[in-house]
Every structure is written in C-alpha cells, then in structure tokens.
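Subject: Structure handover

Hello,

I am passing on the structure we spoke about. Please look through the notes below alongside it.

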Amino acid sequence: MMRRIIIAGNWKMNKTYSESEEFLSEMANFTETKDLKNVDVVICTPALYLKLATGFAAKSKIFIGAQNVSNFDFGAYTGEISAPMLKAIECSFCIIGHSERRKYFGDTDDLVNAKLKILQQNKIIPIVCIGETLEEREAGITEDVVVNQLEGAFRNITVNNDVVIAYEPVWAIGTGKTATPAQAQEIHSLIRSWLIENYNHEIAENMSILYGGSVKPDNIRELLIQPDIDGGLIGGASLDMGKMKEMINIAVEL
Ligand code: PEP
C-alpha cells in the first residue's frame with residue numbers, strides 16, 4: 001500500500017458561516033473535476049461549521065476534520081463535543097494535540113492519548129500533532145521532546161492505518177518561519193524510525209506524516225519531495241482559496 005499524501009487545512013478560529021460555505025462550495029467543485037491521484041484534501045473547520053462541511057464532503061472528494069474532541073463519550077461536560085457526535089455527522093479526521101491546545105487549553109500527552117483512543121473507537125482518523133518549542137530546539141533536545149510526545153500519545157495504542165502524525169515545530173507555526181526541508185526531513189525520519197521500533201515496518205511505511213509550520217505555495221514543493229514528508233497541516237495559507245488550490249495542484253503533480 002502506498003501512503004497517502006494529505007493536504008490538510010486547519011482554519012483554527014477563523015471564517016464566518018457564510019465565508020465557510022463559499023469556500024467549501026468552491027473547494028468541493030475544484031476537487032470534483034480533478035484527478036487527485038494519491039492526494040487527500042482535508043479541511044478542518046471550526047466545530048460550528050462541521051455539519052455544513054460534511055454536507056459538501058458527501059457530494060465531493062474533500063474530507064472534513066474537526067480541530068479537537070472531548071476525551072469523554074457523552075455527559076455533563078459543558079462546552080465539549082464528543083467523538084460519537086463527530087462520527088454521527090461523518091467527520092473523517094480530527095486534529096489532536098495541536099500546540100495551541102497544549103499551550104492555551106492545557107492539553108497534555110495523557111489527554112492526547114485518551115483522545116486518540118476515543119477517535120479510533122469511533123473510526124475517525126486522528127491527526128496527532130507533535131513538535132518542539134524554540135527553547136527546546138535551542139537547548140538541543142528536539143529529538144527527546146518529539147520521542148516523549150510520541151510515547152505519550154501512543155501509549156497502549158494499536159495502529160492499523162488509522163492514524164496520521166503531524167510534525168509541527170512550534171516556532172514555525174504562524175510565524176512565517178518554516179523549518180528547512182532538511183530540518184523537517186530529519187525529524188520525520190526520526191518519527192518513522194520510532195514507528196518501526198515501536199510498531200513495525202509496514203505500519204511505519206503506511207503512515208502519513210505531515211509537516212506543519214508556515215507551509216505555503218512557495219515552500220510546499222521542497223517539503224513534499226522529502227522522502228518522509230507526506231503532506232502538510234496548513235494554518236494561515238489554508239484560509240486562502242487561491243493558495244490552497246495552488247498547494248493541492250503542486251501535491252498532485254509531484
Ligand atoms: C497549524 O495551524 O497547524 C499551522 C501549522 O499554522 P501555520 O501554517 O499558519 O503556521
């Protein structure tokens with residue numbers, strides 16, 4: 001099995017309802033008329049727009065992702081949205097462990113692990129985000145940080161082509177600074193080696209490992225040609241239809 005290339009947009013807390021509708025409609029039309037080869041286009045919208053978004057996905061080739069999920073199934077958890085709820089509206093992916101969740105909302109590796117489990121139980125593909133801060137990179141502990149996050153997120157998890165990892169150096173998110181293709185490849189290769197050691201060769205080979213951190217049309221090609229980079233988790237540039245189309249075209253043509 002050849003691993004999939006994934007171009008995933010993370011809208012974060014952006015776009016109004018009508019802007020979302022307009023974007024999703026145009027993206028659905030764009031992908032409909034294209035041979036996407038082994039590229040999957042995923043749009044992770046704010047929770048409020050997921051039902052609207054999965055309606056467009058049902059009629060096109062795009063997939064929809066949530067940006068977060070509760071670690072509980074149902075119950076008295078005010079403000080939360082559960083994996084069964086996402087499943088019921090045919091949401092295919094869900095970002096977990098994004099550095100903004102870790103920084104502002106206290107998401108820990110244990111919580112990421114619980115969310116990973118509950119998503120798998122509901123057949124939603126988790127996009128597990130990991131990555132070091134600038135201080136950690138400068139202290140020379142990037143590899144330790146990444147391995148610790150992997151160990152935390154994947155504790156007691158069986159993988160069966162149902163998980164995606166996104167390596168997102170925190171210092172490159174929303175800053176305009178991208179890791180060089182070589183810096184990113186180095187960590188992607190470390191992640192793949194960790195998967196071989198902790199799972200097996202086949203699982204490691206089949207897992208899509210995305211890069212995230214100021215990905216845009218100008219730098220995506222150099223990143224995607226790296227042997228262990230299988231797509232992008234894209235924040236800022238994913239809000240722009242022209243840039244998103246350009247990045248999808250580049251991925252399809254590679
Ligand atoms: C992200 O939201 O995961 C991200 C990488 O953002 P940006 O592309 O804006 O750096």
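His-188 is a buried residue, with a relative accessible area of 0%. Please keep in mind throughout that this is a predicted model. His-188 sits in helix H8, and its side chain comes within 2.9 Å of the backbone oxygen of Asp-228. Leaving out residues up to four places away in sequence, His-188 touches Tyr-167, Ile-209, Leu-210, Tyr-211, Asp-228 and Ile-229.

Helix H8, which spans residues 181-198, also holds Trp-194. Trp-194 is buried because its relative accessible area is 7%, and the cut-off for buried is under 20%. Apart from neighbours within four places in sequence, the contacts of Trp-194 are Val-147, Leu-150, Glu-151, Phe-154 and Tyr-199. Ile-209, one of the residues touched by His-188, is 15 residues from Trp-194 in sequence, with a C-alpha to C-alpha separation of 12 Å.

Salt bridges

How many salt bridges does the count come to? The count is 13.

Asp-230 and Arg-3 form a salt bridge through their side chains, with an N to O distance of 2.8 Å. Asp-230 is in the loop between helix H10 (217-224) and strand E8 (231-234), while Arg-3 is in the segment before strand E1 (5-10), so this pair ties together parts of the chain that are 227 residues apart in sequence. Both partners fall under the 20% cut-off for buried: Asp-230 has a relative accessibility of 2%, and Arg-3 has a relative accessible area of 13%.

Lys-245 pairs with Glu-26 in a salt bridge, where the closest N and O atoms are 2.7 Å apart. Lys-245 belongs to helix H11 (residues 241-253) and Glu-26 to helix H1 (residues 17-32), so the bridge ties together parts that lie 219 residues apart in sequence. Here the partners count as partly exposed: Lys-245 is at 21% relative accessibility, and Glu-26 is at 34%.

Arg-155 counts as partly exposed, at 39% relative accessibility.

Which residues are linked in a network of salt bridges? They are Arg-3, Arg-192, Glu-205, Asp-228 and Asp-230. The network therefore includes Asp-230, a residue that is buried at 2% relative accessibility, and Asp-228, whose backbone oxygen is reached by the side chain of His-188.

Ligand

The ligand is surrounded by 14 residues, and the closest are Lys-12, Glu-168, Gly-174, Ser-214 and Gly-236. For Lys-12, an N or O atom of the side chain is 2.9 Å from a ligand oxygen atom. A polar side-chain atom of Asn-10 is 3.0 Å from an oxygen atom of the ligand. With Gly-235 the backbone takes part: one of its polar backbone atoms is 2.8 Å from a ligand oxygen. On its own the ligand has 290 Å² of accessible area, and the protein covers 95% of that.

Surface

Where does Phe-74 lie? Phe-74 is in the loop between strand E3 (63-66) and helix H3 (83-88). Phe-74 is exposed, since its relative accessible area is 57% and the cut-off for exposed is over 50%. Together with Ile-81 and Met-85, Phe-74 makes a nonpolar surface patch of about 290 Å².

Is Thr-158 buried or exposed? Thr-158 counts as exposed, at 63% relative accessibility. Thr-158 and Ile-6 are 152 residues apart along the chain, and their C-alpha atoms are separated by 22 Å.

Regards

Conventions
Residues are numbered from 1 along each chain as its sequence is written. This is a predicted model: local features need pLDDT of at least 70, side-chain atom pairs count only at pLDDT 80 or more; totals for chains, interfaces and linings use all residues. Side-chain values use heavy atoms; hydrogens and water are left out. Patches are made of residues with over 30% relative accessible area and no salt bridge: like charges are joined within 9 Å, nonpolar side chains (Val, Leu, Ile, Met, Phe, Trp, Tyr) within 5 Å. Accessible areas come from the Shrake-Rupley method with a 1.4 Å probe; for residues, only the protein chains shown count as cover. A salt bridge is a side-chain nitrogen of Lys or Arg within 4 Å of a carboxyl oxygen of Asp or Glu. Helices (H or I, at least four residues) and strands (E, at least two) are DSSP runs, numbered from the N terminus. Buried means under 20% relative accessible area, exposed over 50%, partly exposed in between (1.4 Å probe, protein chains only). Contact means heavy atoms within 4.5 Å. A residue is near a molecule or strand if one of its heavy atoms lies within 4 Å of it. A polar contact is a pair of N or O atoms within 3.5 Å; within protein, one must be able to donate a hydrogen and the other to accept it, and residues adjacent in sequence count only if both atoms are side-chain atoms.
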